[in-house]
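Dear colleague,

Please find below the structure that I am handing over to you. My findings follow directly after it.

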Amino acid sequence: MEFLENLLATDLVSDPAKAALCGILVGLVFGACAQASRFCLRSASIEFWGGKPGPSFAIWLLVFGSALLFVQILLSSGILPVNEVRQLSSAGTLSGAIIGGAMFGVGMILARGCASRLLVLSATGNLRALMTGLLVTVIAQAALTGLLSPLRLELSALWSVGPDARNLNLHLPAYAGLVVGGVLLALAVFLAWRAALGTGRTLISIVLGGSITLGWLLTASLAHVSFEPVSVLSVTFTGPSADTLMALITQPAIPLEFGVGLVPGVALGSFASAVLRKEFHVQVFDQSTGMVRYVVGAVLMGFGGMLAGGCAVGAGVTGGSVLSLTAWLALLAMWLGSGACQWLMERRTPAFGNGRVAS
C-alpha cells in the first residue's frame, strides 16, 4: 500500500491524469478478462432461471464471489476507508434500486446483454451491441440531467434511507462479508468444475473479480495522496459511458477522471483479447435478430441503470462488494426482472423474438 501511494504521489502527471490512467489500467484488465471469460449476467440469469446453472452462472458467481471477498479484505484492513465509499457514506434510494434494477433486468434480456457486456461486444465487432450501447448511454444522460431526470428523481424519492441503514457492514456480524465472499467463491469454483469450465477460464473470471478490487484500491490510494478531490470508486458503466459520450460531443477537451479512462480501457482490452483469440468479427442487425427489442431494452437499461445507481456491474458487483444495501437490492431486482422477462420471452412474443438467441 505504501509503495502504491508513493508511486501515485509522483509529480510527473496531474492528479486527474493519474485517475484517468488508473481507469485505463482497470479497464484493460476488465475488458480483456470479460471478453475471454464471456462474463454476462444475462446468460447467467437465463441458466439460473432455466433450472440449469452452467458455465455462465459459474463465471458470474466467480466474479461476484472473488470481488466480494477481496474488497471485504480491503475494508476490514482499513485500506479502503468506509467513509470514503459513496455507497456506504451517503443516503440512498431503495425505491430506485428496486424499480430501476427490475427495469435494467428486463432491458438486458431484451437487448441481449447488460451495459458492460454491450461495451465488450462492441469492441469485438458487434455493431448491434455498439448501436444499442450508444442508445443506453443517451437515455442514461437524459435520466441524469435531461428530460427524464424529473421522473428519476420522483421515483428515487419514494423510499430513501440514510448511510447507516445503507451500510450492511454495520448490521452484520464482524467479518460476515469475508465469510460470505469466501463461501460464494468456493461454491463458484465447485460449479465451475462441475460445468467443466476449465482452469484457464476459472482463473480469468477470478482475475475479473479482482479488477473490481483493483479499482477500489487505486482510487483509494490516489485519494490519500492527492491534493485535489478524488472520488473513491471502481468499475461501473452507465454513468461513465454517458459522461464520456457527452464530453466527446459537447467539450473541446475531455475532463480527465477515472470513469473517462475506464470506458476506452475496457474497449481496448476487449478488442485486444478478441484479436488475439481470433474472435473479432463484424455482426449487424438482420431479419433473425430484429431491432425493436434492442431499442426497448436499451431504453429500459439506460433509465433503469441511472435510477438504480448503476448497471449490473456498477451496482451489482462493485456496489455489492462493499455490502451496500441499495446495491444488493438492485442486484436482486435485476435477477427477478430478467427472470420474469425471460419467462415471457419463452412464450415467444412476435415483436421481440425468442430470448435465447445468442448475443
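This is a predicted model: local features need pLDDT of at least 70, side-chain atom pairs count only at pLDDT 80 or more; totals for chains, interfaces and linings use all residues.

Residues are numbered from 1 along each chain as its sequence is written, and side-chain values use heavy atoms, with hydrogens and water left out.

**Helices α6 and α15**

Helices are DSSP runs (H or I, at least four residues), numbered from the N terminus. Helix α6 (residues 94-110) and helix α15 (residues 292-308) have axes that come within 7 Å and cross at roughly 155 degrees. Axes here are lines fitted to C-alpha atoms over the stretch in contact, and angles run from 0 to 180 degrees between N-to-C directions. The two helices are therefore roughly antiparallel to each other (angles over 145 degrees count as roughly antiparallel, under 35 as roughly parallel, 65 to 115 as roughly perpendicular and the rest as oblique). The crossing of α6 past α15 is left-handed, that is, the near helix is turned anticlockwise from the far one by less than a right angle.

Contact means heavy atoms within 4.5 Å. Among the α6 residues that meet α15 are Ile99, Met103, Phe104 and Val106, and the α15 residues in this contact include Tyr294, Leu300, Met301 and Phe303. By class, the contact of α6 with α15 has 15 nonpolar, seven polar and one charged residues. Ala, Val, Leu, Ile, Met, Phe, Trp, Tyr, Cys and Pro count as nonpolar, Asp, Glu, Lys and Arg as charged, and the others, Gly among them, as polar.

Helix α15 has 17 residues and spans 24 Å from its first C-alpha to its last, close to the 24 Å expected at 1.5 Å a residue (1.5 Å times one less than the number of residues). Twelve of the 17 residues of α15 are buried, so this helix is largely enclosed by the rest of the structure. Buried means under 20% relative accessible area, exposed over 50% and partly exposed in between, with a 1.4 Å probe and protein chains only. Arg293 and Tyr294 are among the buried residues of α15. Gly309, with a positive phi near 90 degrees, follows α15.

**Helix α16 and two positive phi values**

Helix α16 (residues 312-321) is mostly covered, with ten of its ten residues buried. Leu323, which follows α16, lies in the loop between α16 and α17 (325-345). Although Leu323 is not a glycine, its phi is positive, at about 60 degrees. Leu323 counts as buried at 6% relative accessibility.

Arg112, in the loop between α6 and α7 (115-122), also has a positive phi, near 60 degrees, and is a residue other than glycine. Arg112 is buried, with a relative accessible area of 2%. For context, most residues other than glycine have a negative phi.

**Helices α7 and α8**

The axes of α7 and helix α8 (residues 127-145) come within 8 Å and cross at roughly 140 degrees. These helices are therefore oblique to each other, and α7 passes α8 in a left-handed crossing. Leu118, Leu121 and Ser122 in α7 meet Ala129, Leu130, Thr132, Gly133 and Val136 in α8.

**Thr213**

Thr213 is located in helix α12 (residues 199-225) and is buried, at 11% relative accessible area. Thr213 touches Ala67, Phe70, Val71 and Leu74, not counting residues up to four places away in sequence. Between Thr213 and Ser66 there are 147 residues of sequence separation and a C-alpha to C-alpha distance of 8.9 Å.

Kind regards
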